[in-house]
Amino acid sequence: MTDPTTQSQPAVDPALVARVKGILLQPKTEWLKIDGEFATTKSLFTRYAMILAAISPVATLIGSVVFNHASIASALVLAIVSYGLSLASVYILGLIINALASSFGSTPNPVQAMKLAVYASTASWVAGVFNLIPLLGWLSIIGGIYSLVLLFLGLPILMKVPEDKKVVYFIVILIAGIVLAMIIAAILSAIAVTFVVSTGGLAALGAGY
């Protein structure tokens, strides 16, 4: 007779899967659930962000080595850096959302702001799977666009911003996000170029970051 305590656990947390499906397929309903949930910055990252943010770096690592014949070492370094910067950018975006709150008639709430930054990033993270095949990597842009939609839908629910100020609030957050993305792209490009110079080849650039 099988001991229940020895039975294997699901490879993926069912709650995480349910949250991903909810935020992607029924965002308004899911944002209302998220609004009332207890969370901490630590739980948001360890139980959600750190898992989903790994999709794109891992997919790109595999795709660049298999299809572009990049060196494993260079692709791995870029994947690790990309992963770290992705998490850092979401954290910084959460801080920015919270810092701007009072300027747009909202009450600052660091946890709610971090919820918004983390869960709105879901679509972008999931779409990172397209990087498994470099030629399809551009489709990840769709995920990025949908993440902006999720952010717009969740902003008034989580941050309680007045209706007449949510558009401007969103635009300011969007600008901040674009700046962060540009900084990340510049860092990754600099690292890729460093590998090209140090190895004397183009393998590192083939990593697709």
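In the predicted model, Phe104 has a relative accessibility of 11% and therefore counts as buried, the cut-off being under 20%. Tyr169 is likewise buried, with a relative accessible area of 0%. The rings of Phe104 and Tyr169 form a stacked aromatic pair, with 4.8 Å between centres and 10° between the planes. Phe104 is located in the loop between helix H5 (72–100) and H6, whereas Tyr169 belongs to helix H9 (residues 166–199); the pair therefore ties together parts that lie 65 residues apart in sequence.

The structure holds four aromatic pairs. One of them is formed by Tyr48 and Tyr119, which are arranged edge-to-face, at 4.8 Å centre to centre and with 70° between the planes. Because Tyr48 lies in helix H3 (residues 41–52) and Tyr119 in helix H6 (residues 110–120), this pair links parts separated by 71 residues in sequence. Tyr48 counts as buried at 4% relative accessibility, and Tyr119 counts as buried at 8%. A charged side chain is also placed at the ring of Tyr119: Arg19 lies over its face, 5.0 Å from the ring centre.

The largest nonpolar core comprises 39 residues. Within this core, the residues that touch the most other members are Trp31, Tyr48, Ile97, Val118 and Tyr169. Two or more residues each are supplied by helix H1 (14–25), helix H2 (27–36), H3, H5, H6, H7, H8 and H9. The greatest contribution comes from H6, which gives seven residues.

When residues up to four places away in sequence are not counted, Trp31 touches Ile23, Lys115, Leu116, Tyr119, Ala120, Leu150, Leu153, Gly154, Ile157 and Leu158. Tyr119, the partner of Tyr48 in the edge-to-face pair, is thus listed among the residues touched by Trp31.

A polar residue, Asn131, was considered separately. Asn131 is placed in the loop between helix H7 (122–127) and helix H8 (140–159). With a relative accessibility of 14%, Asn131 counts as buried. The side chain of Asn131 is joined to that of Ser56 by a polar contact of 3.0 Å. Neighbours within four places in sequence being left aside, Asn131 is in contact with Ser56, Ala59, Thr60, Gly63, Gly137 and Ser140.

Note on methods: Residues numbered from 1 in each chain as written. Predicted model: local features only at pLDDT ≥ 70, side-chain atom pairs only at ≥ 80, totals over all residues. Heavy atoms only, no water. Helix = DSSP H or I, 4+ residues; strand = E, 2+ residues; numbered from the N terminus. Buried < 20%, exposed > 50% of the residue type's maximum accessible area, 1.4 Å probe, protein only. Polar contact = N/O pair within 3.5 Å; in protein donor to acceptor, adjacent residues only side chain to side chain. Contact = heavy atoms within 4.5 Å. Phe/Tyr/Trp six-rings, centres within 6.5 Å; stacked < 30°, edge-to-face > 60°. Lys NZ or Arg CZ within 6 Å of the ring centre and 35° of its normal. Core = buried A, V, L, I, M, F, W, Y, C linked by side-chain atoms within 4.5 Å.
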